Amino acid sequence: MGYSINLPKIVYLTLLISRFAKNEKYYNTNDLIKLANELQPELVRLRRDKNDYKFLDDTNFGGLRGNFSTVLTFRGFVNRNNKYVAYYGLGNNDRLFNAFQKGEIILDSQEYCAHTNNIELLKLLQKEINIFNIRENQAHIKSFLERNPNFPLKRDNINFPKIAVLRSKHNQYFLRILFNTFKNDDVFEFNMFNYLEGTKIKRFNINPLFAIPTNENSWDSFYVIDSKEILINTPLFMYYDKKSKKFYDNNSNIYTYYTLSEALDKVQNQSGNISERLSYDWKKVKEQLVEDYIEKKSEVQKDEFSLFLENFLHWKKSFSIYQKDVVDITVSSSGGPDVIITYSGGTKQKIELEHKWENYIRHRHYTSQAWKDVWLFADEKWNFDKIVQIFSPYLSKHIDSIPKVFLCPNEQTGAKEAYEIDWNNFTYKEIEIHD
């Protein structure tokens with residue numbers, strides 16, 4: 001007996017493209033934006049009244065980037081190509097990603113559903129949808145303030161037009177801290193990266209404001225920690241334990257905290273904690289927080305035809321497949337699939353050449369009738385489960401342009417291999433090839 005669950009479109013999109021993002025050791029919203037536009041542009045613009053949901057028109061604080069930020073869980077902070085960047089994942093670990101990779105989760109592109117036979121995976125998906133809803137609600141602080149006109153804090157749109165910085169009538173400043181995830185049922189995790197980065201907390205005395213959610217209310221209660229404590233310890237993660245009623249950080253420091261009403265009587269205004277702000281150095285802090293250094297090396301790859309010629313054809317242009325003799329192979333100049341093979345009887349067959357199976361999807365060949373009934377060669381070993389994961393989300397809309405015949409070299413011997421997939425039954429058979 002299987003289980004199914006409806007996914008918000010952005011959660012569906014994130015899970016669908018996450019396997020491509022995992023080619024990187026770490027990824028963030030910029031990586032996903034690029035992939036979303038390559039792979040699923042029809043899902044990118046999720047609201048008709050928005051013009052900034054496309055990648056090239058996306059703003060730094062909103063649009064598709066903002067959508068992804070409410071789905072992803074902040075994992076840490078790395079130096080990638082001499083740039084300090086936050087990195088993210090889907091959930092607290094890679095369980096959902098791995099389950100999708102292995103076929104334990106199947107996506108339905110018609111209904112934006114996820115199907116699984118594993119009750120624990122169903123619960124994990126439900127949890128992530130709940131976390132997404134909390135993040136999504138808390139991301140729209142403007143809407144919260146409009147619904148609660150008596151709330152004692154107002155946005156400072158002049159000094160901070162794109163950050164959720166709030167000000168009291170006595171010029172006390174607060175930054176809404178981003179809810180990250182649940183460590184367990186009783187412990188809430190918050191991401192401090194947005195608070196610590198840059199110079200905003202040097203220019204103003206800004207205190208962190210934590211909104212503690214419940215199932216019924218994403219803004220159930222508000223707590224404040226004096227900025228002085230945060231500037232001394234510079235934690236990347238903060239935790240609130242609702243059972244013990246304690247705030248602590250990822251280094252086990254315990255913090256004094258106030259309700260919002262108490263904080264309005266206790267924390268200093270925008271000019272407070274000057275000595276701590278003067279000594280705060282974001283450059284030094286980020287060097288302490290960074291987990292890893294990643295250097296992307298430019299990879300010079302042989303072109304696909306060279307790999308096809310060397311690793312599959314072995315420099316010979318004749319072979320037999322489906323009991324028909326191939327007598328010629330030509331490079332196509334039509335702008336469609338890469339090569340055309342000609343049988344002895346004069347009939348022809350188009351073949352697309354790729355370094356990896358997934359590149360067929362990344363290059364969006366499935367959207368064009370020019371690739372109808374094409375065969376696909378990739379210079380990697382045959383892996384049926386992997387191929388199903390790559391291509392199955394596109395079958396319902398693009399079945400004619402999804403390859404049924406796959407060519408590859410044998411990993412051990414280098415011999416030609418060919419496989420035909422029946423996409424109706426998700427079965428495959430090996431095709432005999434003779435030199």
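# Helix packing and selected residues

Modeller: Helices α5 and α6 are oblique to each other; angles under 35 degrees count as roughly parallel, over 145 as roughly antiparallel, 65 to 115 as roughly perpendicular and the rest as oblique. This is a predicted model, in which local features need pLDDT of at least 70 and side-chain atom pairs count only at pLDDT 80 or more, while totals for chains, interfaces and linings use all residues. Residues are numbered from 1 along each chain as its sequence is written, and side-chain values use heavy atoms, with hydrogens and water left out.

Biologist: At what angle do α5 and α6 pack?

Modeller: Helices (H or I, at least four residues) and strands (E, at least two) are DSSP runs, numbered from the N terminus. Axes are lines fitted to C-alpha atoms, for helices over the stretch in contact, and angles run from 0 to 180 degrees between N-to-C directions. Between α5 (residues 95–102) and α6 (residues 119–139) the axes are 11 Å apart, and the angle is about 130 degrees.

Biologist: Is the crossing of α5 and α6 left-handed or right-handed?

Modeller: A crossing is left-handed if the near helix is turned anticlockwise from the far one by less than a right angle, and right-handed if clockwise. For α5 and α6 the crossing is left-handed.

Biologist: How many charged residues does the contact of α5 with α6 have?

Modeller: Contact means heavy atoms within 4.5 Å. Arg95, Leu96 and Ala99 of α5 make this one with Leu121, Leu124, Leu125 and Glu128 of α6. Ala, Val, Leu, Ile, Met, Phe, Trp, Tyr, Cys and Pro count as nonpolar, Asp, Glu, Lys and Arg as charged, and the others, Gly among them, as polar. The contact of α5 with α6 therefore has 5 nonpolar residues, no polar ones, and a charged count of 2.

Biologist: How is α1 oriented to α5?

Modeller: Helix α1 (residues 9–21) packs with α5 at an angle of about 80 degrees, and their axes are 10 Å apart. That angle makes α1, relative to α5, roughly perpendicular.

Biologist: How many polar residues are in the contact of α1 with α5?

Modeller: On the α1 side are Leu15, Leu16, Ser18 and Arg19, which meet Leu96, Phe97, Phe100 and Gln101 in α5. By class there are 5 nonpolar residues and 1 charged, and the polar count is 2.

Biologist: How many nonpolar residues does the contact of α1 with α2 have?

Modeller: α1 and α2 (residues 29–39) pack at about 105 degrees with their axes 10 Å apart, which makes them roughly perpendicular. Leu13, Thr14, Ile17, Phe20 and Ala21 in α1 meet Leu32, Leu35, Ala36 and Leu39 in α2. The contact has 1 polar residue, no charged residues, and a nonpolar count of 8.

Biologist: How many disulfides does the model have?

Modeller: A disulfide is a covalent bond between the sulfur atoms of two cysteines. The rule used here is a pair of cysteine sulfur atoms within 2.5 Å. By that rule the count of disulfides is 0.

Biologist: Is cysteine 408 buried or exposed?

Modeller: Buried means under 20% relative accessible area, exposed over 50%, and partly exposed in between (1.4 Å probe, protein chains only). Cysteine 113, at 8%, counts as buried. Cysteine 408 has 0% relative accessibility, so this residue too is buried.

Biologist: In which loop is tyrosine 112?

Modeller: Most residues other than glycine have a negative phi. Tyrosine 112 has a positive phi, near 55 degrees, and is buried at 18% relative accessibility. Its loop lies between β4 (105–108) and β5 (113–116).

Biologist: What is the relative accessible area of phenylalanine 426?

Modeller: Phenylalanine 426 also has a positive phi, about 55 degrees, and lies in the loop between β24 (416–422) and β25 (427–430). This residue is partly exposed, with a relative accessible area of 38%.

Biologist: Which residues does lysine 286 touch?

Modeller: Lysine 286 is in helix α13 (residues 282–289) and is buried, at 18%. Leaving out residues up to four places away in sequence, lysine 286 touches Phe77 and Tyr84.

Biologist: Which residues does isoleucine 390 touch?

Modeller: Isoleucine 390 is in helix α16 (residues 384–391) and is buried, at 1% relative accessibility. Not counting residues up to four places away in sequence, isoleucine 390 touches Arg19, Phe20, Trp357, Glu358 and Ile361.

Biologist: What percentage of the residues of the chain count as buried?

Modeller: The chain has 17 helices and 26 strands, and its C-alpha trace spans about 90 × 45 × 40 Å along the principal axes. Of its 435 residues, the buried share is 51%.
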